[in-house]
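Okay, thanks for making time, everyone. Let me put the model up and then walk through a few bits of it.

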Amino acid sequence: MDGGASYNPRTVEEVFRDFKGRRAGMIKALTTDVEEFYQQCDPEKENLCLYGFPSEQWEVNLPAEEVPPELPEPALGINFARDGMQEKDWLSLVAVHSDAWLLSVAFYFGSRFGFDKPDRKRLFNMINDLPTIFEVVTGTAKKQVKEKSSVSNHSSTKTKSNSKVQRGSESQGKFSKAMQAKDEDDEGLDEEDEEEHGETLCGACGENYASDEFWICCDVCEKWFHGKCVKITPARAEHIKQYKCPSCSNKRARP
């Protein structure tokens, strides 16, 4: 087992490809190949580590014998904790340590080949754009994508909704220039909103999606609702971590 030591990426792009390959292998071990991975992590064996390779393969093996090792080593003894907790918690623990190992390997290469501050920053940003192994294994990566989509889709619409109310009570001339500039900035976003949600119906009133109204999505049934139909304002929505529509809330409350 060489842990990929024979391959030495020297540029930011090469290190990132190395990172992605190792990450893909470890995700495979903790998801699609999880049964095989679980069996290989026998608590009766010695200290075992989970390795990911640039070839997108994974391996459970003993740690490197040389001291210091050619590359940073993953967490030791992951097999010892296997039977001491629920499987999902154990997999989450291995995922966290795997994320830490991937970062250490990537920035080991960065240090070894003299990456300067802009290179290190670029490498980190490229890595940070990917979900962590922990987020993939626990399912929080999909939730974050959904939440980001919800926020981006409605960040401009809630501003425009508020402006519409203000225009009714304030003088038309005061807001006309500001709204004209705002409409130009948000024109692209509005077109994307209409294309993505044009067929979406409110789960309460059944009306179509409109880009000039605030909407919110239920995290349980994934139906969309007018904020006014479920009595949720944009300000209140910013403080809700997981929104449940009235129907889903009532279902859970029943004995």
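So, how many residues does H3 have, and how far does H3 reach from its first C-alpha to its last? H3 has 26 residues and reaches 37 Å, close to the 38 Å expected at 1.5 Å a residue, where the expected span is 1.5 Å times one less than the number of residues. Helices here are DSSP runs of H or I, at least four residues, and strands are runs of E, at least two, numbered from the N terminus.

Quick housekeeping. This is a predicted model, where local features need pLDDT of at least 70 and side-chain atom pairs count only at pLDDT 80 or more, while totals for chains, interfaces and linings use all residues. Residues are numbered from 1 along each chain as its sequence is written, and side-chain values use heavy atoms, with hydrogens and water left out.

Back to H3. Just after H3, Gly114 takes a positive phi of about 70 degrees. Within H3 sits Asp99. Asp99 is buried, meaning under 20% relative accessible area with a 1.4 Å probe, protein chains only. Leaving aside neighbours within four places in sequence, Asp99 is in contact with Thr132, Ile133 and Phe134, contact being heavy atoms within 4.5 Å.

Now the core. The largest nonpolar core has 33 residues; a core is a set of buried Ala, Val, Leu, Ile, Met, Phe, Trp, Tyr and Cys residues joined through side-chain atoms within 4.5 Å. Among the members that touch the most others are Leu30, Val60 and Leu123. The elements giving two or more residues to this core include H1, H3 and S2, and H3 gives the most, with 9.

Next, the strands. S1 and S2 run antiparallel, joined by 4 bridges; pairing takes at least two DSSP bridges. Tyr51 has Glu59 in S2 as its bridge partner.

Last stop: Ile216, in S3. Ile216 is buried at 7% relative accessible area. Beyond four places in sequence, its contacts include Trp224, Val230 and Tyr243.

Terms used:
Buried means under 20% relative accessible area, exposed over 50%, partly exposed in between (1.4 Å probe, protein chains only). Lys and Arg count as positive and Asp and Glu as negative; His and the chain ends are not counted. A salt bridge is a side-chain nitrogen of Lys or Arg within 4 Å of a carboxyl oxygen of Asp or Glu.
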